[in-house]
Amino acid sequence: AKNAFSRVVALDDEKGEAWNNLAAVHLHLRNHKEALGALEYAVKHKRKNWKVWENYLTTALHLREMAKAYKGLEHVIELRQ
């Protein structure tokens, strides 16, 4: 799955869902830093998707990236209202 999603984003790096799916694969493999990198691209292209922001938030918290977690929390709250 990781190779498939990596190919998709290599062909078109504006596919926010593919970036989110690639992040999910990295999370499953416990590659949290790689997952957060993929999620940064996902939120860039899926700015209005609260689920993507929630994934970004929880991954940032896991890595203790508090500034990024706060940014994710702001977006989740804004989009869920």
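## Helices and the model

Helices here are DSSP runs of type H or I with at least four residues, and they are numbered from the N terminus. On that basis Arg30 lies in the loop between H2 and H3, and Arg64 is found in the loop between H4 and H5. The model described here is predicted, and the positions below should be read with that in mind.

In soluble globular proteins, nonpolar side chains tend to be buried together. The largest nonpolar core of this model has 18 residues, and among these Trp19, Leu39 and Tyr56 touch the most other members. Helix H2 (16–28), helix H3 (32–45), helix H4 (50–62) and helix H5 (66–80) are the elements that each give two or more residues to this core. H3 supplies the largest share of the core, namely six residues.

The surroundings of Leu39 can be set out residue by residue. Leaving aside residues up to four places away in sequence, Leu39 touches Asn20 and Ala23, and also Val52, Asn55, Tyr56 and Thr59.

## H1 against H2

Two packed helices are described by the angle between their axes and the distance between the axes. For helix H1 (residues 2–11) and H2, the axes come within 9 Å and cross at roughly 150 degrees. Angles over 145 degrees count as roughly antiparallel, and H1 and H2 are therefore roughly antiparallel to each other. The crossing in which H1 passes H2 is left-handed.

On the H1 side of this contact are Lys2, Phe5, Ser6, Val8 and Val9, which meet Ala18, Trp19, Asn21, Leu22, Val25 and His26 in H2. Sorted by class, the residues of the contact of H1 with H2 divide into seven nonpolar, three polar and one charged. Not counting residues up to four places away in sequence, Ala18 touches Phe5, Val8 and Val9. Ala18 and Ser6 are 12 residues apart along the chain, and their C-alpha atoms are separated by 8.2 Å.

## H2 against H3

H2 and H3 pack with their axes 8 Å apart, at an angle of about 165 degrees. That angle makes H2 roughly antiparallel to H3, and the crossing of H2 and H3 is left-handed.

From H2, the residues Gly16, Trp19, Asn20, Leu22, Ala23, His26 and Leu27 meet His32, Glu34, Ala35, Ala38, Leu39, Tyr41, Ala42 and His45 in H3. The contact of H2 with H3 has, by class, nine nonpolar, five polar and one charged residues.

## H3 against H4

The axes of H3 and H4 are 9 Å apart, and these two helices pack at an angle of about 150 degrees. That makes H3 roughly antiparallel to H4, and H3 passes H4 in a left-handed crossing. His32, Ala35, Leu36, Leu39, Glu40, Ala42 and Val43 in H3 meet Val52, Trp53, Asn55, Tyr56, Thr59, Ala60 and His62 in H4. By class, the contact of H3 with H4 has nine nonpolar, four polar and one charged residues.

His32 takes part in the contact of H3 with H4 and also in that of H2 with H3. The place of His32 is in helix H3, and His32 is buried, with a relative accessible area of 17%, where buried means under 20%. Apart from residues up to four places away in sequence, His32 touches Leu27, Thr59, His62 and Leu63.

## Two loop arginines with positive phi

Most residues other than glycine have a negative phi. Arg30 has a phi near 65 degrees, a positive value in a residue other than glycine. Arg30, in the loop between H2 and H3, is exposed, with a relative accessible area of 68%.

Arg64 has a positive phi of about 60 degrees although it is not a glycine. Arg64, placed in the loop between H4 and H5, is exposed, with a relative accessible area of 69%.

Definitions and conventions
Residues numbered from 1 in each chain as written. Predicted model: local features only at pLDDT ≥ 70, side-chain atom pairs only at ≥ 80, totals over all residues. Heavy atoms only, no water. Core = buried A, V, L, I, M, F, W, Y, C linked by side-chain atoms within 4.5 Å. Buried < 20%, exposed > 50% of the residue type's maximum accessible area, 1.4 Å probe, protein only. Contact = heavy atoms within 4.5 Å. Axes fitted to C-alpha atoms, helices over the stretch in contact; angles between N-to-C directions. Parallel < 35°, antiparallel > 145°, perpendicular 65-115°, else oblique. Left-handed = near helix turned anticlockwise from the far one by under 90°. Nonpolar A, V, L, I, M, F, W, Y, C, P; charged D, E, K, R; others polar.
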